[in-house]
Amino acid sequence: MNHETDQALTEKVLKAYDHIDDPRLKSIVSLLIKHLHTCIKEMKVTDQEWEFAWDFMRRMAEKTSPERNEFLLLADVIGVSQLIESHNHETPGQPVGYALVGPFFRANAPFRERGSSIASEETPGERVHISGRVYDFENNKPVEGAVLDTWQAATNGLYENQDEHQPDYNLRGRFKTDENGTFELIALMPTAYPVPTDGPVGELLRVAKRPPDRPAHIHFIVLAPCYETLVTQIFVKGDPIIEDDAVFTASQNMVGDFRQEGDHMLLKYGFPLKRGVSKMPKAPIPS
Ligand code: BEZ
Ligand code: FE
């Protein structure tokens with residue numbers, strides 16, 4: 001057939017994918033085709049640009065391994081990952097924001113005793129005592145037996161899976177709340193670090209003149225039966241780069257008031273949970 005009009009081609013393609021049984025998948029494939037075709041027409045993509053695009057994807061695949069997912073990183077730096085989190089979970093007035101999981105979450109971190117440290121003794125860096133409460137967002141009642149899964153980068157900006165000098169599962173750990181919904185743990189004062197820039201995503205950040213840095217933060221997933229899982233991060237109040245997070249996550253409903261208390265830093269923080277379905281996010285790196 002002659003593709004007499006672009007529109008005729010788009011319609012033919014849409015029809016060719018009209019027999020997918022799963023209605024959700026069918027709707028996703030059809031919307032993708034429709035919007036991609038519109039996008040290509042609007043951009044007037046040249047042959048050379050298309051060659052660059054598919055080679056860019058090949059190079060992303062080349063950088064991708066079980067430890068590193070360049071596609072997820074791309075979604076992070078163009079705001080797609082954070083948009084999905086915000087769109088699916090945020091409700092107005094919510095005291096604590098939902099964050100993207102990020103590429104460095106590793107499942108099955110060790111359960112640690114209340115009040116213990118996620119940092120091995122040899123890990124350099126200032127310690128912070130973090131304590132607080134997990135509670136029901138509707139009625140403020142404590143959530144007993146909630147699991148807090150936490151992870152953070154070392155002061156060199158590397159997660160333990162990126163750094164052969166750190167012990168396995170360093171700066172990662174799981175803690176349980178008591179009957180009052182409270183928890184206590186020791187972590188490092190969070191450090192700012194750049195997202196990986198040695199692949200095609202780094203090229204994109206450079207052409208866009210975007211700094212690759214993430215403001216200092218510590219990650220938390222808070223999980224309890226019959227509650228929506230809270231995936232969040234805590235940033236440091238007053239950090240000047242909060243507005244410039246490379247992955248568009250940091251926001252004012254994710255800041256913690258870290259304070260000096262005697263010889264150490266202290267943070268008190270509350271995690272509100274909304275009633276819903278408890279689901280563990282998929283870990284991007286193997287356990
Ligand atoms: C992180 O916070 O671990 C992270 C999130 C997105 C991209 C890179 C790192
Ligand atoms: Fe991080």
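A polar contact is a pair of N or O atoms within 3.5 Å; within protein, one must be able to donate a hydrogen and the other to accept it, and residues adjacent in sequence count only if both atoms are side-chain atoms.

## The model

This is a predicted model, in which local features need pLDDT of at least 70 and side-chain atom pairs count only at pLDDT 80 or more, while totals for chains, interfaces and linings use all residues. Residues are numbered from 1 along each chain as its sequence is written, and side-chain values use heavy atoms, without hydrogens and water.

## Overall layout

The C-alpha atoms fill a box of roughly 75 × 40 × 35 Å along the principal axes. Of the 287 residues, 43% count as buried (under 20% relative accessible area, 1.4 Å probe, protein chains only).

An automatic or database domain assignment divides the protein into domain 1 (3-63) and domain 2 (70-273). Their C-alpha centres lie 36 Å apart.

## Where the domains meet

Six residues from domain 1 and eight residues from domain 2 make the contact (heavy atoms within 4.5 Å). The two domains bury about 680 Å² between them, 73% of it on carbon and sulfur atoms; this is the accessible area (1.4 Å probe) that two parts lose on being put together, summed over both. Phe56, Met60 and Lys63 supply 77% of the area that domain 1 buries against domain 2.

## Polar contacts and salt bridges

Across this interface there are two residue pairs in polar contact, both at pLDDT 80 or more. The interface also has two salt bridges (a side-chain nitrogen of Lys or Arg within 4 Å of a carboxyl oxygen of Asp or Glu). Arg59 forms a salt bridge with Glu203, with the closest N and O atoms 2.6 Å apart.

Key: Chains lettered and ligands numbered in written order. Buried < 20%, exposed > 50% of the residue type's maximum accessible area, 1.4 Å probe, protein only.
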